[in-house]
Amino acid sequence: MLLFLRSTEGTSGPKLLPLVGNLLQLDLRRPDRSLCELSEKYGSVFMVHLGHEKVVVLAGYKAFREALVGYAEEFGELFITPLFSDMKPGGILFANGESWKEMRRCTLKDFGNGRRMYEDKILEECGYLMEMFEQHEGTVLIFCRIMGCTGRCFRFEYEDPRFINLSSRAADSISVAGFASVQLYNMFPRAFYWVKNRQVILKHVENNGRDVKDLVKHLKETLNPSMCRGFVDCFLIQQQKEQDSGVPDSLYSVQNLVYSVTNLFAAGTDIFVFSRSLFSAQVMKVSSVWFCPDQVQEELDRVVGGRQVQMDDRRKLPFTDAVIHETQRMVNIVPMAIPHQTSRDVTFQGYFIRQGTTVFPLLTSVLYDDSEWESPHTFNHAHFLNQEGKFIWRDVFMVFSAGCRVCVGESMVRMELFLFFTSLLQRFRFTAPPGVSEDQLDVTPAVGFTLSPPPQQLCAVGHR
């Protein structure tokens with residue numbers, strides 16, 4: 001039970017109805033918008049009832065940051081929904097406790113020790129991508145599928161059938177997870193266990209797990225402990241060390257490896273592919289309002305010229321960097337962030353919250369917080385530039401969340417976004433397919449667990 005220790009004006013949340021709670025007051029397709037509207041009346045910390053489940057909502061930058069950073073341990077657990085529980089959660093994303101901590105440590109070790117290695121891999125993929133675009137210059141390409149081949153665990157050819165199956169299953173699972181029927185199952189699992197979409201997701205998870213096992217098996221057969229190729233090698237090397245040392249109940253199990261790789265693959269083929277693909281769609285559809293491509297191009301030509309962009313160039317490209325950050329803010333890929341739960345009883349901003357209470361950190365309310373952003377609902381690259389035109393970091397930029405559950409691959413994702421974005425714009429101009437006007441391009445995100453756009457059919461035309 002959630003108890004409030006201080007008196008507030010009005011109530012601590014909207015009035016509820018029997019059985020359904022506050023469901024009728026929420027748009028289940030975009031609950032973040034409904035919760036933002038409720039926060040205007042009930043404040044930055046309030047409670048809603050989703051069926052019988054009591055949920056604390058954190059709205060606005062100050063409450064979001066104070067909870068996830070200032071009370072990182074108390075608000076640091078992931079809320080395992082019935083659907084996630086059905087998937088037998090584990091790996092990096094859908095787990096808590098020591099298993100999650102150890103998998104995260106392994107991932108951070110891999111990312112942290114191999115920055116130069118990953119930069120080289122990304123640049124190598126940029127080269128393949130440029131070659132492919134040049135070979136098909138002016139012809140129609142499905143951009144989302146192409147960019148998805150830059151997975152962070154394995155590399156696939158652009159038309160590899162296994163990749164197409166893996167990515168389509170992952171994308172479909174993430175989309176279906178946001179459907180109303182799945183949300184109803186999470187709220188009333190006994191009543192809605194029969195919904196078809198739940199079975200669809202579980203089948204996708206099973207099939208992707210089987211394919212990932214086959215890929216891991218190949219990597220294990222070619223493993224060289226003196227030459228770590230990435231996360232899977234890092235995991236396998238540690239697994240062997242613990243086996244040799246006789247560690248009982250090692251967390252470095254095949255099951256945890258498959259879960260972790262599947263987590264990384266799903267993130268790489270949906271959330272971040274979405275960012276990269278949407279960049280290109282917006283470059284041509286709303287370039288005059290959003291990207292100012294001529295200014296980006298001028299900065300790239302002046303600073304980089306015709307050579308390959310490197311990460312060391314980033315500080316010399318403040319306008320381009322500001323455009324990338326502002327686009328990430330506006331895109332708002334994960335509007336509800338990932339649901340958390342309290343790991344112990346906590347008193348927060350005068351409210352006493354019981355252990356195990358579900359918490360929604362409302363990321364939309366942070367990225368569009370009108371007390372923090374000068375023009376929160378309008379694209380404005382000046383949000384990240386000072387008066388001298390130099391790039392400035394803003395703590396309120398929390399697209400990767402915050403605290404101990406911040407995105408484990410943030411540094412690598414930022415590297416990917418910068419290198420792919422600059423490399424593409426340096427070499428190509430993207431246009432709509434023949435016979436399609438820019439106004440006809442649909443970049444409206446489809447609602448799911450994340451906000452994902454439809455696949456984009458684009459034509460790449462070389463600048464040089």
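**Close-up 1. Trp373, Phe384, Phe391, Trp393 and Phe397 form one aromatic cluster in this predicted model.** Rings of Phe, Tyr and Trp (for Trp, its six-membered ring) are paired if their centres lie within 6.5 Å, with planes under 30 degrees apart counted as stacked, over 60 as edge-to-face and the rest as tilted. By this rule the count comes to 13 aromatic pairs. The model is predicted, so that local features need pLDDT of at least 70 and side-chain atom pairs count only at pLDDT 80 or more, while totals for chains, interfaces and linings use all residues. Residues are numbered from 1 along each chain as its sequence is written, and side-chain values use heavy atoms, with hydrogens and water left out.

**Close-up 2. Phenylalanine 75 and phenylalanine 348 form an edge-to-face pair, because their ring centres are 5.3 Å apart and their planes are at 70°.** Both phenylalanine 75 and phenylalanine 348 are buried, that is, under 20% relative accessible area, where over 50% is exposed and in between is partly exposed (1.4 Å probe, protein chains only).

**Close-up 3. The charged ends of two arginines sit over tryptophan rings.** A charge is placed over a ring if NZ of Lys or CZ of Arg is within 6 Å of the ring centre and within 35 degrees of the ring normal. The charged end of arginine 329 sits over the ring of tryptophan 373, 4.9 Å from its centre, a residue that also belongs to the aromatic cluster. For arginine 405, the charged end sits over the ring of tryptophan 100, 3.9 Å from its centre.
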